[in-house]
Amino acid sequence: MAEYILDVKGLKTFYRTRLKENVYAVDGVDLHLKEGRVLGIAGESGCGKSTLATSLMGFYFPPLHYGSGQIVLDGTDIMSIPYETLRKNFLGTEIAYIPQAAMNALNQTRKVSKFVVDILKEHRPDLSKEQMLNLAREKFEFLNLPERVLSAYPSELSGGMKQRTVIALSTLLNPKVLIADEPSSALDVSSQKIVISMLKKMMKEGYVKSMIFITHELPLLRHVADDIVVMYAGELVEEGTTEQVIFDPIHPYTHALMGSIIVPEDGMKAHKLTAIPGAPPNLKRVPPGCRFRDRCAYAREECARDARVGITRFGPENSRYHRCVFSEEQLRAWYGEEKRRFGIGGGAK
Ligand SMILES: Nc1ncnc2c1ncn2[C@@H]1O[C@H](COP(=O)(O)OP(=O)(O)OP(=O)(O)O)[C@@H](O)[C@H]1O
Ligand code: SF4
Ligand SMILES: [Mg+2]
């Protein structure tokens, strides 16, 4: 068995606009997912999370284009196999994707059973219609969806039910890797909790072997992910375990995202999300140097020195990394000083 169920190296993908400009939304991403793990991807709106998610499927439609890099799924480099093989033998079975806002994109004029049959006809033409529906019934029951949902139209379902239906449809074939793009963002708090617990249950029961969970709310990942990567302007800027990234963020961007208000007694209660002033750079023309420079409270001349800031590993067995010209120790010293002076942590200007 490969060490990683999903092993991505140097992935670059971009949009080509009608005006023939390129938007470099995924710009050199390395990502590793182990079987049995949930990897959270967090970052502000427009940083490239959804583009990364679609890019990981290895299936590109204009305006999105593949630039370079490898996507190795359970030992197979999916960029080296023909599209038709990828579509038939990998998508939905080995890797599945729940697109952002999928529940609102369902065709309202088709019954849920029709979606089930359409999906399974593609991958399991050997099954009879009844067998296909039975496969769906099993998933629906697992996700606490009543059987009547099968004969309902999407418009007849509540938001929470619609999202669970989308999850059931995406996992009909028990994919090894499930990518869920903001699966709970459009839901109320109680439906959010249900959807998250259902996804975790699917992992626990082995319906899905590993998962990538995308959100713009970093603290949400505390209850979902084992590991976290933080994305900024098309690049990953920090990686660590969930505990490390949420409670001990090192990169100034992550530190700013988690900007703590009061010294926390019991963790998250005192952590409040702070908006980071300013905006990320235009991904058509990213400036040289650190991409967070214009918004970073610790920016110095050296942050613009290199064309691109590389990653630096640190932590136990070098298991963590950040993308900053300053060392972990230097950043910690600045954070400590700030806390002593103001009683808070910052990260942004
Ligand atoms: N079809 C497209 N054509 C051109 N540019 C696009 C297209 N779709 C997205 N982009 C651009 O690519 C960048 C990354 O967008 P993406 O949707 O991946 O971000 P995101 O992190 O998922 O944001 P959000 O949190 O809002 O979902 C943005 O600059 C966006 O404007
Ligand atoms: S490289 Fe400089 S600007 Fe970028 S995060 Fe580090 S300190 Fe801030
Ligand atoms: Mg998105």
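Visitor: By class, how many nonpolar, polar and charged residues has the shell around ligand 1?

Guide: Around ligand 1 there are 6 nonpolar, 9 polar and 1 charged residues. Here Ala, Val, Leu, Ile, Met, Phe, Trp, Tyr, Cys and Pro count as nonpolar, Asp, Glu, Lys and Arg as charged, and the others, Gly among them, as polar. Before we go on, this is a predicted model, in which local features need pLDDT of at least 70 and side-chain atom pairs count only at pLDDT 80 or more, while totals for chains, interfaces and linings use all residues. Residues are numbered from 1 along each chain as its sequence is written, and chains are lettered from A and ligands numbered from 1 in the order in which they are written.

Visitor: Thanks! Which residues come nearest to ligand 1?

Guide: Y15, S45, K49, S50 and T51 come nearest, out of 16 residues around ligand 1. A residue is near a molecule or strand if its C-beta atom, placed from the backbone, lies within 6 Å of it. Strand 2 (22-33) and helix 1 are the elements that give two or more residues to this shell. The largest share, 3 residues, comes from helix 1. Helices (H or I, at least four residues) and strands (E, at least two) are DSSP runs, numbered from the N terminus.

Visitor: And helix 1 itself, which of its residues are buried?

Guide: K49, S50, T51, L52, A53, T54, S55 and L56 are buried. That is 8 of the 8 residues, so helix 1 is largely enclosed by the rest of the structure. Buried means that 20 or more other C-beta atoms lie within 10 Å of the residue's own; with 12 or fewer it is exposed, and in between partly exposed, with C-beta atoms placed from the backbone. Just after helix 1, G58 has a positive phi of about 70 degrees.

Visitor: How many bridges join strand 9 to strand 10?

Guide: There are 6, between residues 227-232 of strand 9 and residues 235-241 of strand 10, and the two run antiparallel. Y232 faces E235, and V230 is opposite E238. The two strands form a hairpin with 2 residues between them, and A233 in the turn has a positive phi of about 45 degrees. Strand 10 also pairs with strand 12 (residues 320-322) in the antiparallel sense over 2 bridges, where E239 has Y321 as its bridge partner.

Visitor: Why is strand 10 described as largely enclosed?

Guide: Because 6 of its 7 residues are buried.

Visitor: New topic: at what angle do the axes of helix 4 and helix 5 cross?

Guide: The axes of helix 4 (residues 112-123) and helix 5 (residues 129-142) cross at roughly 110 degrees and come within 9 Å. That makes helix 4 roughly perpendicular to helix 5. Angles under 35 degrees count as roughly parallel, over 145 as roughly antiparallel, 65 to 115 as roughly perpendicular and the rest as oblique. S113, V116, V117 and L120 of helix 4 meet K129, M132, L133, L135 and A136 of helix 5. By class, this contact has 7 nonpolar, 1 polar and 1 charged residues.

Visitor: Last one: which residues are around ligand 2?

Guide: P252, C290, F292, R293, C296, Y298, A299, C303, V309, C324, V325 and F326. By class, 11 are nonpolar, none polar and 1 charged. C296 lies in the loop between helix 9 (252-257) and strand 11, and C296 is buried, with 23 other C-beta atoms within 10 Å.

Conventions: Pairing = 2+ DSSP bridges. Axes fitted to C-alpha atoms, helices over the stretch in contact; angles between N-to-C directions. Contact = placed C-beta atoms within 7 Å.
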